Amino acid sequence: MKIPLSWLREFVDLPETPDELRLILDDLGLVVEGIDVVGAGLEDVVVARVDEIRSIEGADRVRLVTVDAGAGPVEIVCGATNFELGNHVPLAPIGAVLPGGFEIARRQMRGVTSNGMLCSARELGLSDDHLGLMILDQVTTPRVGEHLLDALHITPDVVLDISVEGNRPDAWCVQGVARDLATRLARPLREPMLATPVADVMTDSFAHAGIDDPELCGRLTVSVLRNLTVRPSPSWIAQRLQSAGMRPISNVVDASNYVMLELGQPTHPYDAANVAGHALRVRRARAGETLETLDGVVRELAKAGRGLGDTGVDCVIVDGDDQLLGLAGIMGGSSSEISATTTDVLLEAAFFDPMTIARSSKRHGLRSEASNRFERGVDPELALRAVARFVNLLQESVPELQWLANPLDHWGGVPTPPTVELRAGDIERGLGIELDYGDVVANLEGLGFHVDVRESSLFVRAPSSRLDIREGAAGRADVIEEIARIHGYRRLPRRTPTWPEPGGLTDRQRLRRLVRDVVVDLGVVEAWTPTLGSDADFDLLSPGVERVRITNPLASDESVMRATLLTGLVRAWGRNVERGTGDVVLGEMGAVFTHPNVTEEPRETKGGESGALTLRLPRENERLTLLLGRLDDDATTAVGLWSVLSERLGLADVVVRASEQPSPGLHPTRSARLVDRQSGATLGELGEVDAELVGALVPSAVGRRLGVVDIDLDALADSSRATRRSDFVSVPSRYPSAVIDLAFVVSSTVHAADLGEALRHATPLVESISLFDVYRDASLPANSRSLAYNVRLVSLEHTLKDDEVSAAREQLITLAASLGATLR
């Protein structure tokens with residue numbers, strides 16, 4: 001909302017600079033989005049008369065216009081079309097600098113020379129109107145060659161662009177903003193000048209009014225204005241409207257817009273000659289009715305909208321013959337708009353149900369300045385005061401105007417201002433600071449609240465303009481917020497909230513994040529498969545096994561809680577294969593559920609009896625399953641993926657052990673367990689997916705080998721089951737290393753990992769050891785194989801000598817021999 005500073009100063013004394021006012025308004029919750037200076041940069045702009053309009057050969061969007069600015073004809077190329085011969089328009093001559101630093105220069109266009117620029121109101125910084133040139137004849141009586149500032153009676157002014165929140169209906173006007181400033185600065189608030197009606201002629205002798213639906217219209221006032229002459233508004237009114245972003249139209253329409261911006265009350269003038277019976281009534285629109293609004297659009301009324309709760313209710317204004325005149329609170333109809341021949345006016349000022357206006361405005365896609373205010377809540381008590389201000393403004397251009405006495409005033413249902421009790425300590429608890437009750441009362445009364453002090457409590461009744469104030473505890477918070485606004489948010493003490501236990505991630509949450517980050521780094525695509533499945537799916541793994549079921553499934557194929565992540569991942573991989581994107585590694589972290597058995601266990605009861613039935617809950621286990629679906633993936637690549645994963649997770653001593661009975665869904669011979677060597681706990685499994693499961697779930701992929709790594713996160717999170725390295729980061733030696741290869745013949749019962757771990761601790765010089773070959777041959781002893789290791793030796797203190805390397809090699813061989821291994 002744009003408000004000229006001069007307008008605010010008519011209500012309250014404001015010697016502060018614009019920047020100082022910006023800080024005050026921001027602290028009041030009325031955020032200043034921008035500050036513009038109106039009239040600056042217009043010193044060189046003059047009034048010019050249009051004498052000739054010619055087309056330019058080869059140009060269909062611009063014309064050559066000859067104007068006279070008092071120094072002879074001047075040719076200008078112009079693209080606007082809203083003017084005609086004899087109109088007076090603003091001319092920026094060569095060398096003029098317009099607002100924004102735009103300098104006018106001579107230009108060649110389409111073979112002709114343009115010696116200046118004819119300007120729109122937006123180019124001059126006077127309003128947002130840029131639909132064509134600014135026609136000065138509509139707003140003043142211009143003289144050729146006159147400076148524009150003199151013609152428009154403009155004095156430079158500052159315009160504040162204020163962002164008003166939707167819950168502040170009282171601040172959607174100049175007086176509302178001025179009231180906040182006056183209260184904050186403890187200065188008096190002045191009232192605008194109001195007119196009084198003539199005493200000898202009554203309104204009901206000329207007009208009639210009524211409310212047919214009091215739920216939609218809480219108040220309807222109708223005033224009669226006679227002896228009207230429609231003409232341009234005084235220049236100061238036109239200029240003020242332009243500064244506020246509105247286009248001047250005529251003295252009647254401008255007075256209506258001026259009052260709406262100044263006091264927040266929209267009004268609507270009707271040409272009485274076009275209103276049957278001089279009657280205005282408010283009713284609910286009927287299905288099938290249509291109305292042509294002032295924008296020329298024919299609108300269908302009483303049609304249900306798509307919004308929540310929108311039943312299609314429209315509130316309309318009708319005349320004595322029940323003909324539609326306007327869409328109440330939004331826009332009038334074209335049949336009764338003000339014209340140059342209007343002499344008598346029926347002026348409507350009303351209060352409409354905010355929600356009805358909001359829904360109608362949204363349904364019809366019709367937003368107006370009036371609807372913006374009605375849907376937020378206009379002061380029900382404001383109507384006749386706004387009419388008196390309207391008449392006062394109009395009488396400046398029409399002194400003979402008559403306002404008939406006793407305007408028609410009909411009431412429906414209007415909100416009742418709530419009374420909120422502030423008890424002792426409420427303000428201090430809400431704001432963290434104790435305020436003087438006298439200051440609080442003064443500030444609230446400055447905002448229009450009525451305050452009754454009773455002992456240690458304040459009973460605060462909201463003004464009729466504050467429809468945002470609620471009842472009860474919510475209303476108490478609203479009133480305390482008003483106290484804080486006027487006192488000043490910057491003056492409130494700042495405190496950093498504290499908690500007995502500051503929030504943070506648990507060890508389990510940190511583990512989940514670490515695991516997710518590591519697998520994503522390894523190229524795994526995270527999947528999310530259904531938690532519910534069917535018996536048919538899980539029978540592929542373990543037919544006939546009891547499962548965890550839900551009692552109210554939405555579908556029969558979604559009635560069983562999954563006992564593994566593998567089935568869902570294979571199905572997801574199959575869908576990717578069908579779409580040509582099966583070359584992927586999928587991973588999922590989630591819960592699986594195991595059915596408990598009902599067991600007979602003796603237990604003591606209060607009566608000393610035993611043999612009662614004990615029911616155990618289903619076991620929920622969190623797991624990470626990785627499905628390797630690339631063309632070359634198998635058990636070997638699964639082992640490689642696990643090696644990198646365990647290294648990144650800092651696991652100290654997890655080895656791969658052959659599995660005598662792999663979990664359902666894994667290949668019976670190409671799968672193994674992951675065992676923590678120190679605790680003996682199984683942390684998961686890896687290998688390949690059973691070929692029968694792949695064929696059953698993805699028939700198009702029969703014969704395809706899929707690698708799998710399945711990890712028990714519950715076990716991984718248990719420090720007693722999963723051992724982690726203490727030397728997660730080791731300092732490398734600055735000296736060169738020596739590398740030797742050793743191959744040992746060892747019994748097939750000895751695990752390669754066990755032998756490698758033993759060799760790692762044979763001498764302090766071993767930096768790393770890795771298995772690079774497994775060899776089986778008939779030339780070797782029965783039930784044995786050859787294991788070849790790459791051993792890297794290094795010292796942190798010096799470069800190793802040959803004798804040191806030889807001694808270390810002998811230590812390695814001796815240790816291997818103690819485990820039954822012989823050097824090949």
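The protein chain contains 20 helices and 42 strands, where helices (H or I, at least four residues) and strands (E, at least two) are DSSP runs numbered from the N terminus. The model is a predicted one, in which local features need pLDDT of at least 70 and side-chain atom pairs count only at pLDDT 80 or more, while totals for chains, interfaces and linings use all residues. Residues are numbered from 1 along each chain as its sequence is written, and side-chain values use heavy atoms, with hydrogens and water left out.

The overall dimensions come next. Along the principal axes, the C-alpha atoms of the protein chain fill a box of roughly 130 × 90 × 60 Å. The radius of gyration of the chain is 43 Å, whereas a compact globule of 824 residues would have one near 28 Å; the radius is taken over C-alpha atoms, and the globule rule is 2.2 Å times the number of residues to the power 0.38. Of the 824 residues, 48% are buried, where buried means under 20% relative accessible area, exposed over 50%, and partly exposed in between (1.4 Å probe, protein chains only). Counting contacts (heavy atoms within 4.5 Å) between residues at least 6 apart in sequence, 70% join residues at least 24 apart.

Helix H5 gives a local view of this burial. The helix spans residues 235–243, and eight of its nine residues are buried, so H5 is largely enclosed by the rest of the structure. Among the buried residues are Ser235, Ile237, Arg240 and Ser243. The buried residues of H5 pack against several elements, including strand S2 (31–38), strand S12 (157–163), helix H6 (251–263) and helix H9 (383–397). Just after H5, Gly245 takes a positive phi of about 95 degrees.

Rings of Phe, Tyr and Trp (its six-membered ring) pair if their centres lie within 6.5 Å; planes under 30 degrees apart count as stacked, over 60 as edge-to-face and the rest as tilted. By this rule there are three aromatic pairs. Trp7 and Tyr258 form a tilted pair, 4.5 Å centre to centre with 35 degrees between the planes. This pair links distant parts of the chain, since Trp7 lies in helix H1 and Tyr258 in helix H6, 251 residues apart. Both Trp7 and Tyr258 are buried. Trp236 and Tyr258 form an edge-to-face pair, 5.8 Å centre to centre with 85 degrees between the planes. Here Trp236 belongs to helix H5 and Tyr258 to helix H6, 22 residues apart. Trp236 counts as partly exposed because its relative accessibility is 30%, whereas Tyr258 is buried at 0%.
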